[in-house]
Amino acid sequence: MNPQLNYALLLPEIVLTVWGILVMVIEPLLPQRSTQKGLGIFAFIGTLAAIAASLWQTTIPAGTGWFDMIRVDEFSIFFHVLICCISAVVILASFEYLDSQQIRGGEYYGLILFGTVGMVLMSSAVELVLIFIALEISSISTYVLAGFRRRVATSAESSIKYFLLGSFATAFFLYGVALMFGATGSTSIYIIASVLQSGQTAGTGAPLLSHGLAYVAVALMFVGIGFKVASAPFHIWTPDVYEGAPAPVVALMSTGPKAAAFAVLLRILFGAALNTGSGWFWLVWISAALSMTLGNLGALLQTNVKRMLAYSSIAHAGYLLVAFAARRDIGIAAAIFYAASYAAMNVGAFAVVSHFARSGERYVSITDYSGLGKRSPVLAITLTIFMLSLIGIPATGGFFAKFYVFNAALKSDLVWLTIIGLVNSAVAAYYYLRLVVVMYMYEPQTGEGKLELRTAPGMAAALVITAALTIWLGVAPGRVLDYARRGADHLRPAAQQQSSFRSPASGYPQDVRIPQHQAGDR
Amino acid sequence: MVPLSWYLTLGAILFAIGVAAFLVKRNIITIFMSIELMLNAVNLTFVAFANHWHQVSGQVFVFFVMVVAAAEAAVGLAIIIAVFRTRETLNVDQVNLLKL
């Protein structure tokens, strides 16, 4: 067997793909109009198997394969596990939702699994064209998922908006890839890094075509990724799409593709473009400041909970980008940790929204939440936990996430960005707390009776998992932070570990040395 | 021989036309076509650079882009049909239920 074709490196992707196909094959065999829960449990087992496969990958040595297109190290494994966990919880939270909305489960669970394949692949790809394809696998699945309540006009509208703007942004990303290929003669992140460093292409020794071209390429790729993570000024689509899409799908697409896109951004900015140095620094700085400000100001005005959370997710993308602007030795770990803790709390928040919305997503405005503290104390308490975590109150995951990010920013002398971020956190507290106040201090208005969580075991499990993770990250963040640091370490000297690798297809020399980048050279 | 910069300029102009059409046009299908134009401008750039670097890989990427564009077209047209069924229009200005 060709040693390049190392299937172990692709194991989670293979498991998820096979499971997705199985789900779609089994679905027509089930009786019509029956509950889709069995299928959901089957899909859930698939994500568990993928988590197991990712964990198993820690036992194999870190390395690249598939002609230097895939790299599995602690960085990618961290994101594999994170993304598979997100999908698992989203599937749990979808059981009752599918029955109440009368959505067929085969395509739904299949698409979630296929989308997860794309996201997982994004986090382990180290070749720009493969990253593009993985991005498209995850995007196309989420375009369809967004329109899953297809007889409802808002859902179809959200899907078309997501699709058109998403493809538009992807075209920018692809143009960036083409220009990077043109500037350096390669699309492999490590070779690009060495070419940008030495100014010579690896194979022929021909000079780098143009540094300007590489800058433009990074900027264009940033546009594409910026869209996926919903950072300003590429955030316009977010509220509309989140409002119209089914709530469990929003839980997925506000966290999974975002985490994967941030992984790609880390790889591109710190892996490939590292030697263009400060070229992208102001890009990230401005985008971070804009996202935080516009996201929080926008959220203040909202009356719909899904729109409010959409703006909050823009703001959180901004906080995360602050870590990108920080020094690489502390910034990367902070960013990875933020992605994990944001995923836990945001999936949880959208799970509550999806449970509370009921069939047809009727109850999604903030006033509908009044009196929830009396009608369903458990649901209200879990939502409060997520809101407090999104604010960043101590003893929740959100606190340490923000703490590490702003700590990293301060240590990198990003005083203004830190000030903007902290002011924004204070503003954000207003609209998160407003929801809590409405739940506990207002009288019920909707006329519906008590909300029983007991009738929805899948949702209950999803809420328990996300709430437990949110609190765990807030009480004992050490373990996850440790993993994040080790992942960051892998990202940093990856170039050095990579000192000899082959690229038989294109005739690069066997030994492309890439000097280790010094921390904080900006 | 046609110099590299001509191809790149043509690619950039086509891409810019695609962006402009995306922003200006009001019919969903036309907007979708302008995205395809942008992707094809990228394809042209890829091929031009592949020729410049004497690498086949740049030409292979074009096939990948085509496959992805085809997948996008399949999904996109399905979504457009779903929109048309619910709204009876393909004008983006009238697809406006979700607004601030």
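**A friendly note on chains A and B**

1. Let's start with one residue: A:Ile286 is partly exposed, its relative accessible area being 47%. A:Ile286 belongs to helix 12 (residues 281-300) of chain A. Along the sequence, A:Ile286 and A:Ala325 are 39 residues apart, while in space their C-alpha atoms are 9.7 Å apart. Please keep in mind as you read that this is a predicted model.

2. Next, look at chain B by itself. Its secondary structure consists of 3 helices and 0 strands, giving the order α-α-α from the N terminus on. Chain B has 100 residues, and 39% of them are buried. Take the contacts in chain B with a separation of 6 or more: 55% of these are between residues 24 or more positions apart.

3. B:Arg26 pairs with B:Asp93, with 3.0 Å between the closest N and O atoms. B:Arg26 sits in the loop between helix 1 and helix 2 of chain B, and B:Asp93 in the segment after helix 3, so this pair ties together parts that are 67 residues apart in sequence. B:Arg26 is partly exposed at 36% relative accessible area, and B:Asp93 is also partly exposed, at 43%.

4. Now to the place where the chains meet. The size of an interface is often given as the accessible area lost when the parts come together. Here chain B and chain A bury about 3800 Å² between them, and 81% of that is on carbon and sulfur atoms. In terms of residues, 43 from chain B are in contact with 49 from chain A.

5. How many residue pairs are in polar contact between chain B and chain A (both at pLDDT 80 or more)? The count is 3. Helix 1 (4-24), helix 2 (28-53) and helix 3 (57-87) of chain B each supply at least two residues of the side that touches chain A. Helix 3 gives the most, with 17 residues. By residue kind, this side of chain B divides into 30 nonpolar, 9 polar and 4 charged.

6. Side chains of opposite charge can pair when their charged atoms come close. Over all chains, the count comes to 13 salt bridges, and between chain B and chain A it is 1. That pair is A:Glu157 with B:Arg87, at 3.6 Å from N to O. A:Glu157 is buried, with a relative accessible area of 1%, whereas B:Arg87 counts as partly exposed at 22%.

7. Within chain A, A:Asp240 and A:Arg307 also form a salt bridge, 3.3 Å from N to O. A:Asp240 lies in helix 9 (residues 237-244) and A:Arg307 in helix 13 (residues 305-325), so the pair ties together parts that are 67 residues apart in sequence.

8. Helix 20 of chain A (residues 478-491) has 14 residues, which at 1.5 Å a residue should span 20 Å; the end C-alpha atoms are 20 Å apart, so the two agree. Among the buried residues of this helix are A:Val480, A:Leu481, A:Ala484 and A:Leu491.

Definitions and conventions
Residues numbered from 1 in each chain as written. Chains lettered and ligands numbered in written order. Predicted model: local features only at pLDDT ≥ 70, side-chain atom pairs only at ≥ 80, totals over all residues. Heavy atoms only, no water. Contact = heavy atoms within 4.5 Å. Buried area = accessible area lost by both parts, 1.4 Å probe. Salt bridge = Lys/Arg side-chain N within 4 Å of Asp/Glu carboxyl O. Polar contact = N/O pair within 3.5 Å; in protein donor to acceptor, adjacent residues only side chain to side chain. Helix = DSSP H or I, 4+ residues; strand = E, 2+ residues; numbered from the N terminus. Nonpolar A, V, L, I, M, F, W, Y, C, P; charged D, E, K, R; others polar. Expected span 1.5 Å × (residues − 1). Buried < 20%, exposed > 50% of the residue type's maximum accessible area, 1.4 Å probe, protein only.
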